[in-house]
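Here are my notes on the model, point by point. Please read them with the structure open.

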Amino acid sequence: MNYETIIVEKKEKVILFTLNRPDQLNALNSKLIDELGDGLTNAELDENIGAMVITGNAKAFAAGADIKEMKDKTFATAYMENFISKWEAITSCRKPIIAAVAGFALGGGCELAMMCDFILAGESAKFGQPEIKLGIIPGAGGTQRLTRFISKPKAMEMVLTGRMMDADEAEKSGLVSRVLKDEDLVSEAIKTAQSIANLSLPSVFLAKDSVNYSYESSLSQGVEYERKLFHSTFSLEDQKEGMEAFIEKRKPNFKNR
């Protein structure tokens, strides 16, 4: 399918989604969110795809939600259409999604990156939730995910002041997993996604599920849940293959079953 606001490229077992509204610094409008959602759905259904990467351009991952699209909304229209709720579709993807962020990731852009399973940041990356400067607050998880990732004091400061956080601070605060040179960002993100895509997909699903559950449970509940998922992996053919390959000192041939 041809899209207007995103570019979709297949890289072996990885799909690369590039946000493509450069004149608007990749501001997130309804069309872009719909097209990205459709692309993610298709990637989820493709048996030959094991992971995904979402990126923007050198200036911006995404500089926020499209202000022109939402400035005239009223409470009634925003509430009745459940505005921004479609964005959460990314969090229901079972296949891992990596955000490769260079330039600005502000407002909705920061929220979109946080919806991914982890963030790789270029040295130029800047993160922030500046909605307060527009007379609103974050609406796609900015107050919730940011607080869980970087602590209440830092999140509170950023949300209340609109201050931006650079890549180094984001890494030290736990928002991003690694900081890379801008020129290496996308290639390294694809390489990382390929390494995941070459693993046993059922085990990847279970691992992702278990890590996400840690945010919804107590430690004792989480460990019990993890152990049940761990036990379930022993029903997989891939478990047998993986362990036999390790003993035989060869590369495993996973079949995703």
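1. Start with the pairing of Ile-6, which sits opposite Leu-19 of β2. Strand β1 (residues 6–11) runs antiparallel to β2, and six bridges join them. Strands count as paired when DSSP finds at least two bridges between them.

2. A word on conventions. Residues are numbered from 1 along each chain as its sequence is written, and side-chain values use heavy atoms, with hydrogens and water left out. The model is predicted: local features need pLDDT of at least 70, side-chain atom pairs count only at pLDDT 80 or more, and totals for chains, interfaces and linings use all residues.

3. Is strand β2 (residues 14–19) enclosed or open? Six of its six residues are buried, so β2 is largely enclosed by the rest of the structure. Buried means under 20% relative accessible area, exposed over 50%, and partly exposed in between (1.4 Å probe, protein chains only). In a regular strand, side chains alternate between the two faces of the sheet. Here both faces are covered. Val-14, Leu-16 and Thr-18 are buried on one side, and Ile-15, Phe-17 and Leu-19 on the other.

4. On to the next strand. β2 runs parallel to β3 (residues 51–55), with five bridges joining them. Ile-15 has Met-52 of β3 as its bridge partner. Together with helix α1 (residues 30–45), β2 and β3 make a right-handed β-α-β unit. Right-handed means that, with the strands pointing away from the viewer, the path from the first strand over the helix to the second runs clockwise.

5. Thr-5 deserves a look. This residue is in the segment before β1. Thr-5 is buried, at 6% relative accessible area. Its contacts (heavy atoms within 4.5 Å) include Thr-18, Leu-19, Lys-31 and Glu-35, not counting residues up to four places away in sequence.

6. Now the whole sheet. Six strands form an open, mixed sheet in the order β1-β2-β3-β5-β7-β10. β1 and β10 (178–180) are at the edges with a single partner strand each, so one side of each has no neighbour in the sheet. Neighbouring strands are turned by 20 degrees against each other on average, direction ignored. Strand β7 (residues 118–122) runs parallel to β10 over three bridges, and Ala-121 stands opposite Val-179.

7. Two helices pack on this sheet. α1 touches β1, β2, β3 and β5 (97–101), and its direction makes about 175 degrees with that of β2. Helix α8 (residues 185–197) touches β1, β2, β3, β5, β7 and β10, at about 155 degrees to the direction of β7. Axes are lines fitted to C-alpha atoms, for helices over the stretch in contact; angles run from 0 to 180 degrees between N-to-C directions.

8. There is another sheet to check. Four strands form an open, mixed sheet in the order β4-β6-β8-β9. Its edge strands are β4 (60–62) and β9 (165–166), each pairing on one side only. Strands β6 (residues 104–106) and β8 (residues 126–128) pair in the parallel sense over three bridges. Leu-106 has Gly-128 of β8 as its bridge partner.

9. Last, a helix pair. α4 (residues 108–115) and α5 (residues 142–150) pack at about 55 degrees, with axes 10 Å apart. Residues that meet there include Met-114 and Met-115 in α4, and Leu-146 and Phe-149 in α5.
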